[in-house]
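User: Hi! Could you walk me through this model with a few questions and answers?

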Amino acid sequence: MLTSVDTDLTRALGDPLRVRIVSLLAHETLCTTHLVEETGARQTNLSNHLRVLREAGLVETEPCGRYTYYRLRPEALESLSGALGGLAATARATVAADTKRACP
């Protein structure tokens, strides 16, 4: 079953721009300026999305002079992947057992 942390992760990944940011960060650590260039999003909008990802535990920051770099936390995605895999296994077993609740 998904925990509250996993719910935060799924909500954080519920926006196409945030999914794009995660995809970009999977390949390299980037600063906000790079992410603005790559996504075409405005800096303030991007900063808000990065805050959501940071609060969900998907990204971490690294200050570097006047810039802040963002790095993906793969263990957060692995946690979500494991939870979703568990749900898939439960669904597979339910289908195989033909389990259904009777209507009242």
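Analyst: Happy to! Buried means under 20% relative accessible area, exposed means over 50%, and partly exposed lies in between, with a 1.4 Å probe and protein chains only. This is a predicted model, where local features need pLDDT of at least 70, side-chain atom pairs count only at pLDDT 80 or more, and totals for chains, interfaces and linings use all residues. Residues are numbered from 1 along each chain as its sequence is written, and side-chain values use heavy atoms, with hydrogens and water left out.

User: Is His 49 buried or exposed?

Analyst: His 49 sits in helix H4, residues 43-55; helices (H or I, at least four residues) and strands (E, at least two) are DSSP runs numbered from the N terminus. Its relative accessible area is 10%, so His 49 is buried.

User: Which residues does His 49 touch, not counting those up to four places away in sequence?

Analyst: Contact means heavy atoms within 4.5 Å. Leaving out residues up to four places away in sequence, His 49 touches Asp 15, Leu 17, Arg 18 and Ile 21.

User: In what order do the elements of the protein chain run?

Analyst: The protein chain has five helices and three strands. From the N terminus on, they run α-α-β-α-α-β-β-α.

User: What is the radius of gyration of the protein chain, next to what the globule rule gives?

Analyst: The radius is taken over C-alpha atoms, and the globule rule is 2.2 Å times the number of residues to the power 0.38. For 104 residues the rule gives 13 Å, and the chain is well over that, so it is more spread out than a compact globule, with a radius of gyration of 18 Å. Along the principal axes, the C-alpha atoms fill a box of roughly 60 × 25 × 20 Å.

User: What share of the 104 residues is buried?

Analyst: Among contacts between residues at least 6 apart in sequence, 52% join residues at least 24 apart. As for burial, the share of the 104 residues is 26%.

User: How many disulfides does the structure hold?

Analyst: A disulfide is a pair of cysteine sulfur atoms within 2.5 Å. The structure holds zero disulfides. Cys 31 is in none, as the nearest cysteine sulfur, that of Cys 64, is 8.9 Å away. Cys 64 is likewise in none, so the count is zero.
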